[in-house]
Amino acid sequence: MKVGVLTSGGDSPGMNAAIRAIVRFGVLHDCQIVGIHGGYQGILDKEYEELSSRTVAHLIHRGGTCLTTGRSEEFKTEEGLRRAAELLDSIDVDGLVAIGGDGTMRGLYHLQEHWGGRAVGLPGTIDNDVYGTDYSIGFDTAVNNALDAIDKIRDTAESYSRVFLVEVMGRHAGAIALHVGIASGASAILLPETPTDLDKIAARIIEGRKAGKSSSIVIVAEGDEAGNASAIGEKLSERIGERCRVSVLGYIQRGGNPTRMDRILASRLGARAIECLKAGIDGVMLGEIDGEIAETPFKETWTKEKKLDQWMLELIAPLST
Ligand code: F6P
């Protein structure tokens, strides 16, 4: 079997571990593995590279993706999809594994409307906003990257008795903000999934000061409906009568050595992807739910809502008193 592998959309730590598992497990199971550089556009631009077990040496611990990634407008067109299908057939690829977020799963779904090959998706995004898995590859590393930065910010916030707003990534999802907010002991966590009441947050900070809580950390998900951390910081500063400081963590969340959890998740799903393709199982994204590998039809990965943990949402206020 000749299997193509690509990474698409925002890169995430652990993608390399998944590629490594696909190649090494595939080679052991009589597969030829073709790396496709630059995401779906790489199919159209014929950016192909034969991958061997040696090619993927010294990768498991490295962030980013050795296949590079991208977003392709051409691939979203009927003509682009048809051309991609023809090009995959022209190099005798009969199986494809794509690693990415919900946009990547849409790509596989629409590609299979034009292509007769087998396709399996792996959830690779720091946002953890893809239905069909408890965690996506890269989420745990991104949360730990953010947590490390916030612990550092806490040092100066406590030394200077200041209020800090810290903006984290997540596009339209609040998973990173919720997890890092609980883990860092934030005073408030602003999420796209929940209404933001700045008067209430200001009152909580003021009450905290009266009770001796001299500094506060407020986590802001970049997609919050109240705006970004800078805009919210100005409004909050007016309400509490002092200038809040703002840190936007940005792209450091997307890099660095993947954690143990991401390396193992990526390795398990990568190897399973080969097993699925060999067994004729396709049209699904693989994930891990309650410790078991799950198979979710592509369309459900973006049509079904990935809900945040309700108990964690309820913990925000009581744990930040
Ligand atoms: O989807 C992953 C992500 O890092 C989001 O959290 C973020 O909003 C987006 O990518 C940034 O996109 P780009 O890398 O294209 O600037």
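Between domain 1 and domain 2 there are 9 residue pairs in polar contact, both residues at pLDDT 80 or more (a polar contact is a pair of N or O atoms within 3.5 Å, one able to donate a hydrogen and the other to accept it; residues adjacent in sequence count only if both atoms are side-chain atoms). On the side of domain 1 that touches domain 2, you'll find 5 nonpolar, 5 polar and 5 charged residues (Ala, Val, Leu, Ile, Met, Phe, Trp, Tyr, Cys and Pro count as nonpolar, Asp, Glu, Lys and Arg as charged, and the others, Gly among them, as polar).

A word on the ground rules: this is a predicted model, where local features need pLDDT of at least 70 and side-chain atom pairs count only at 80 or more, while totals for chains, interfaces and linings use all residues. Residues are numbered from 1 along each chain as its sequence is written, and side-chain values use heavy atoms, leaving out hydrogens and water.

Now colour 2-138 + 258-303 as domain 1 and 140-254 as domain 2; the bounds come from an automatic or database domain assignment. Their centres, taken over C-alpha atoms, are 34 Å apart.

Next, select Asp102 and Arg171: they form a salt bridge, with the closest N and O atoms 2.9 Å apart (a side-chain nitrogen of Lys or Arg within 4 Å of a carboxyl oxygen of Asp or Glu). The count between the two domains is 4 salt bridges.

Last stop: Thr259. Look for contacts (heavy atoms within 4.5 Å) and you'll see Thr259 touching Asp140, Thr141 and Asn144, not counting residues up to four places away in sequence.
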